Amino acid sequence: MYLTGGQFKGRKIDIPKDARPTLSKVRESVFNMLQQFDLQDNTFLDMFAGSAIMGLEAISRGYSVVELEINPKTGAIIKKNYEKIKQKPNIIITDSLKYKTDDRFSVIYIDPPWQTNYEPIIKKAHSLLAQNGIIIVEYDNKSQIDISKIIFDLNINLEIIKSKKYGRCLIAILRAVK
């Protein structure tokens with residue numbers, strides 16, 4: 001896989017065997033969409049780093065990134081990927097749902113294993129979101145995931161402001177309702 005944009009465009013990234021990296025057309029589209037939003041700052045949280053391809057794309061485009069990854073072996077691959085672009089990763093080996101910080105993020109990317117229950121993940125992401133922040137959810141269009149229902153059931157002030165299908169992948173962009 002190669003980075004699609006920014007200062008590190010074209011750099012090759014290693015992918016862990018068990019990872020399902022976000023496709024290049026999806027990555028490009030996500031970062032193009034982000035340009036239209038007035039964000040508080042350029043902070044980016046990747047809650048399920050995997051190969052860290054989304055975090056690396058974000059760094060390439062000027063974001064300050066925190067990577068969350070549960071698997072230490074995958075974390076080692078992430079560190080090597082960051083070395084390829086001569087950057088030091090801010091990676092935390094943890095279960096995303098147990099991550100604790102006082103920091104708030106302008107962009108939170110959620111792409112867990114697709115069979116995961118998204119409700120607690122969206123709830124956790126909402127608790128880490130900066131004012132006017134964006135949550136981007138990637139999920140399988142063949143699943144029965146209903147993001148609108150999750151938001152309603154959680155009774156949180158988020159709305160879907162954009163949704164797009166890329167083959168089997170769906171992207172939903174959520175923003176806090178004022």
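**Notebook: helix pairs, core and selected residues**

Contact here means heavy atoms within 4.5 Å. Helices (H or I, at least four residues) and strands (E, at least two) are DSSP runs numbered from the N terminus.

I recorded that the model is predicted, that local features need pLDDT of at least 70 and side-chain atom pairs pLDDT 80 or more, and that totals for chains, interfaces and linings use all residues. Residues are numbered from 1 along each chain as its sequence is written, and side-chain values use heavy atoms, with hydrogens and water left out.

**Entry: α1 and α2**

I looked up the geometry of α1 (residues 24–34) and α2 (residues 53–60): the angle is about 45 degrees and the axes are 11 Å apart. Axes are lines fitted to C-alpha atoms, for helices over the stretch in contact, and angles run from 0 to 180 degrees between N-to-C directions. The two helices are therefore oblique to each other; angles under 35 degrees count as roughly parallel, over 145 as roughly antiparallel, 65 to 115 as roughly perpendicular and the rest as oblique. Their crossing is right-handed, that is, the near helix is turned clockwise from the far one by less than a right angle.

I then checked burial (buried is under 20% relative accessible area, exposed over 50%, partly exposed in between, with a 1.4 Å probe and protein chains only). In α1, the buried residues are Val-26, Arg-27, Ser-29, Val-30, Phe-31, Met-33 and Leu-34. Their cover includes β1 (43–46), α2, β4, β5 (129–140), β6 (158–166) and β7 (169–176). In α2, eight of its eight residues are buried, and the cover includes α1, β1, β2 (64–69), α3 (72–84) and β4. Gly-62, which follows α2, has a positive phi near 95 degrees.

I found α4 (residues 118–127) and α5 (residues 147–154) packed at about 65 degrees, with axes 10 Å apart. The crossing of α4 and α5 is also right-handed. Tyr-118, Glu-119, Ile-122 and Lys-123 of α4 meet Ile-147, Ile-150, Asp-153 and Leu-154 of α5.

I followed Ile-122 into the largest nonpolar core, which has 59 residues; Ile-108, Ile-110, Ile-122 and Val-137 have the most contacts inside it. Such a core is a set of buried Ala, Val, Leu, Ile, Met, Phe, Trp, Tyr and Cys residues joined through side-chain atoms within 4.5 Å. Beyond its neighbours within four places in sequence, Ile-122 touches residues including Ile-110, Val-137, Ile-156, Leu-158 and Leu-174.

**Entry: single residues**

I examined Ser-106 in strand β4 (residues 105–110); at 0% relative accessibility, Ser-106 counts as buried. Its side chain makes a polar contact with the side chain of Asp-41 at 2.7 Å. A polar contact is a pair of N or O atoms within 3.5 Å; within protein, one must be able to donate a hydrogen and the other to accept it, and residues adjacent in sequence count only if both atoms are side-chain atoms.

I noted Lys-164 in β6, partly exposed at 37% relative accessibility. Its C-alpha atom lies 9.5 Å from that of Ser-29, 135 residues apart along the chain.

Ala-52, at about 75 degrees, lies in the loop between β1 and α2 and is buried at 0% relative accessibility. Asn-132, at about 65 degrees, is found in β5 and is partly exposed, with a relative accessible area of 27%.
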